[in-house]
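Subject: Structure handover

Hello,

Here is the structure for your files. My notes on it follow below.

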Amino acid sequence: MQTYEIRPAGVTDIGNVRPTNEDNLLNDGHLFVVADGMGGEGRGEAASRLAIETVRAVFSSEPTADGLLKAVLRANAEVVEHAASGPEWEGMGTTIAAVAVVSGEPDQQLAVVNVGDSRVYLLRETRLERLSSDHSKVADLVRAGETSEAEAFSHPERHVLTQALGAGPDIEPYLAVATPMVGDRLLLCSDGLFNELTEARIIEVLATVTDPNAAAIELVARAKRQGGSDNITVLVLDVG
Ligand code: MG
């Protein structure tokens, strides 16, 4: 059976404009998560942290693709409950994008789960593919053929989400299972990255900067040079 080693590197940055960093990340060697909290005044940061802690705890007792999905559903329940616990927490929410190496037949697989618009990309050779699926108004328009990817990049409603953890009890996380290859590079990121850098510019960095830590730092630096109008979180995972 083929097993995979992951070389991970993660960076989270407040950006140039926001007063606080509401993003959080988890990089524990086999489970990797980016969460982009919303709500302001500490709510977003609390939501993204609570979601990540919950996913980590639930996934550790069932480290499978189905376990990852259950972990994200549980995280939603936790954030919904916390948001109802007092007026100071009202309106808290978070996106989530999670990747884990799970056992499969015959070889290990990558489980990918997301809610909201934090993304998971796969770079294979020089081709960048999205493994996650955005829950946003603009993504719906792109899927319906009413807006192009290029228009979506600068669409005025690109920040409007159709799903987020904490928004309500009923969510439908997106789940994908992918077969990795040695040499693949995965990127998990919050929208603070891809709203500043086109996919062509993301490929430029991922395909040329060999060290995952240096690649993560360079992506964040470029997003900040481009404006850095939001918090920026990046996880680069090299599959070996
Ligand atoms: Mg954001």
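Leaving aside its neighbours within four places in sequence, which residues is V99 in contact with? They are H30, L31, F32, L110, A111, V112, V120, L186, L188 and L237, where contact means heavy atoms within 4.5 Å.

Two points on the source. This is a predicted model, in which local features need pLDDT of at least 70 and side-chain atom pairs count only at pLDDT 80 or more, while totals for chains, interfaces and linings use all residues. Residues are numbered from 1 along each chain as its sequence is written, and side-chain values use heavy atoms, with hydrogens and water left out.

V99 sits in strand 5 (residues 96-102); strands (E, at least two residues) and helices (H or I, at least four) are DSSP runs, numbered from the N terminus. V99 has a relative accessible area of 1% and is buried, the term for under 20% relative accessible area with a 1.4 Å probe, protein chains only.

The magnesium ion has D36 (OD), D191 (OD) and D230 (OD) as protein donors, 2.1 to 2.2 Å away. Donors are N, O and S atoms within 2.8 Å of the metal (3.2 Å for Na, K and Ca); water is not among the atoms, so sites may look incomplete. The sequence spacing of these donor residues is D-x154-D-x38-D. D36 belongs to strand 3 (residues 31-38) and D191 to helix 5 (residues 191-194), so the pair ties together parts 155 residues apart in sequence. D36 is buried at 8% relative accessibility, and D191 is buried at 5%.

Regards

Key: Buried < 20%, exposed > 50% of the residue type's maximum accessible area, 1.4 Å probe, protein only.
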